[in-house]
Amino acid sequence: MPPTPAPLVSLRDVSYAYPSSTAPVLRDLSFDIAPGEIVALLGPSGAGKTTLCLALMGIVPQFYRGRFFGELVVDGQDVLTEPIHALSRSVGLVLQDPAAQLVTASVENEVAFALENAALTASEIRERVAAALTAVGLEALAKKHPHELSGGQQQRLALAAALAQQPPLIVLDEPTSQLDPASTEEVFALIRRLNASHGTTFLVASHAMEEVAATATRALVLDAGRLAADAPVAEVIRDPALFPRLHLRRPEVTQAYAELAAHGLWPADQSWPCTLAEGMAGLTQLPPAQPFQPAPPAAPDRGSPILALRDVTHTYPDGTTALRKINLEIPRGEYCLLIGENGAGKSTLLQHFLNLLRPTAGDVLIDGVSLSDFKVAELARRIGYVPQNPDQQLFNATVEDEVAFSLQNTDLTPDEKSARLEQALAAMNLEHLRAAHPFSLSKGDRARVVIAAVLSLDPEVLIFDEPTTGQDAAGARAILDLTRDLHAKGRTIVIVTHHLYLMPEYARRVMVMGEGQLLLDAPVREAFHATELLARTAVRPTQAVALARASHPQNRAISPAEFVASFAREEASP
Amino acid sequence: MSAPTWTTATRQTAFSALDFRAKLAVFFTATFAAVIWDNPWLNLGLAAGIGGGCLAVGIPGAYLRLIAKVMTPFFALLLITHGFFNVQHVQRLLDGRDLTALFTVPESIWVFGGATFSREGALFGLNAIAKSLTFLLLVPLCVFTTDPNHLVVSLVRLKLPYKLAFVLTSTLRFFPLIFEEIQAVIRTQRLRGFAAEDLSPVQRLRVYAKVAVPVILGALHKAQQTEVVLQAKGFSGSSHRTYLYEAKLSSLDYGVIALTASALILAIVIAPTLGQFTG
């Protein structure tokens, strides 16, 4: 019998508390990771996933200090005693915020930096840089400044920098949080490829459950710092109690089959599929699906559009044309999605709505009046903007000051200001955190502070740029539920997102952008099923849509619940 | 919402392709000449040459305009001070010669009444302005045309400890970071309905004072993040490392260094004659 290889990672009774907190963030963790495994690290926000990722590199506790108990050995090195720069030869780390990881002035130097520190020869550095950039599809951008890249490209660059080190272990903390669906698929495909070709071990903390299910062999689930599960990934995903208890999201295909099983349409003794391929194969065991095509919701009839773009073109000073003759109308009271691949022009379009950019040609109108007639600050009282990265939007010393800041330049009376402040804090469940420093909060809470600050001005239009990025399922749902409440109160909502699977319950209309053009503007159902067009934009149809289309040519279901309904109705009929 | 970066020249030229050590030779020679020369026309010519060089290598016009905007009051003050008040020093340089009055402030003007603005004083002021301009324009000419990574390697090749070279270039990168932090706050304030232009200067100051500490904390938070990232990338400050860019001096670099060495000798040779201030 061949000897069992020594574990690459070994934790024994590891607990850790940050210096500023009394409660431990990691509690009594004990597990091993064998060489060549792909391990998913799952858990709700605040479960300790990022802290564990940092601990594997010795950053916790060597950099952050705090109280560390137990033993953590990586590649034979004790993370408590081995310097971080030495551990970096065994562990490649990719953090959630790619922009924060850029330390040099060109893409190729970014990848080369760690290799230079490891004193590799220049020729080897060149070879590894070229290979890593090719692997992530950035070879054509080698000479660019990293800050010139899009968020998605920066994330791929951070991954390339880790890959180039060729460490035995790569730790990825939400590596695809800012990527479009196609790029997300590519990153996970790359993980699988490197694992197969180089035997690299991966630990991936991610909420991208569809890709996790198709990639990881094993899942570790953290709950409040404790190990809630350690099992093969499919077993963890299929656990009927674990995911609901921790408010985690299953892959859509698993969710759909779980609901089919609950309706007696899938054998109770047969496990639920976890990947799309398994789900597609499972269709043959289901009764025939029925056509499912509810009428689209009527457009809100509230007069003239609140926002309109007329032949808007925008060309940046470097000559890049980001928008090409966009014509668009958003009726008052609409709830729409703006989707498209990274670099499609979505951010440029948003900046036109906010008057941060002016069209090179054409005009942007609010209630028929050109935005050029407004100052940015004036417009902010009508259009609220919740940006993607909350950390760039926090500049006050307490949550209360942050939320109240917007109110100080209004004509409201002190009582009205106070009432608005309380309403905004209550809407985002932040009353108990009002005295906290915004940067002391979790990312999810920081995002809620920014939303509360925007809500305090009570704007008519609310634009959310990737509001669910970095949020767990419960956090994402809380934010989207809030948008639904605001929509119900008459607000116009525009959401930019890559997380299409979250949106069927909320959005009414979808605008698809690609290469600076508006490729489609349609009701949500029609847009989700415009699969050929979506494929051109690196936006993939959701698993529910793929299953629906495979089950019946006229099945236009867009969520697991609708997919199940397309079968359940037949069951219900005599 | 573009992120500010290290300011760079807008185009690649033969000068950009030079090794930083060759550019340092240009920097040193031009600075040395500006220091030892007191002839305003020679110094103005040198400053104009450096300015022309900046334009030729693609230093952004916005940056040059910024220099002009910031320095104009200072230069005006230099001209006025030397033109009106630097009489004894200028006379000493001219062997006690009387200065040529260009105009005299009417006696009725408070404090300055009766003061005479001399041609020689003004020329000496221009000389000081030209010296400052030469130095101010040499920095972007040499630094903005150099890839920061190449800058580090060139400094290391000049026997500067790697840690110091890295800190030096990181400091240059830190300014855009602070600028980015301030810009982000201002943009966010505007997006939250805060119109600074509608407030009085006192109200504006009060608001800015309130957010100054969090802004600095935000920058420190980013700096701490950067430290974590550096360590995670194996950075220890040790000079035992290699470089992607090998920084080998080309024949063009050697040519430029030889040329600047000759120019340095020429500058020293003409300093006692052509380089003198003659009014």
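Between them, chain B and chain A bury about 4900 Å², buried area being the accessible area (1.4 Å probe) that two parts lose on being put together, summed over both. Carbon and sulfur atoms account for 61% of that. On the chain B side, B:R192, B:K233 and B:L244 lose the most area to chain A, together 19% of what that side buries. All of this comes from a predicted model, in which local features need pLDDT of at least 70, side-chain atom pairs count only at pLDDT 80 or more, and totals for chains, interfaces and linings use all residues. Residues are numbered from 1 along each chain as its sequence is written, chains are lettered from A and ligands numbered from 1 in the order in which they are written, and side-chain values use heavy atoms, with hydrogens and water left out.

Counting contacts (heavy atoms within 4.5 Å), 50 residues of chain B meet 57 residues of chain A. By class, the chain B side has 23 nonpolar, 15 polar and 12 charged residues; here Ala, Val, Leu, Ile, Met, Phe, Trp, Tyr, Cys and Pro count as nonpolar, Asp, Glu, Lys and Arg as charged, and the others, Gly among them, as polar.

There are 4 salt bridges between the two chains, each a side-chain nitrogen of Lys or Arg within 4 Å of a carboxyl oxygen of Asp or Glu. One of them pairs B:R192 with A:E402, with the closest N and O atoms 3.2 Å apart.

As for confidence, the predictor gives the complex an ipTM of 0.76 and a pTM of 0.81. Chain B averages a pLDDT (the predictor's confidence in each residue, from 0 to 100) of 86, and 95% of its residues score at least 70.
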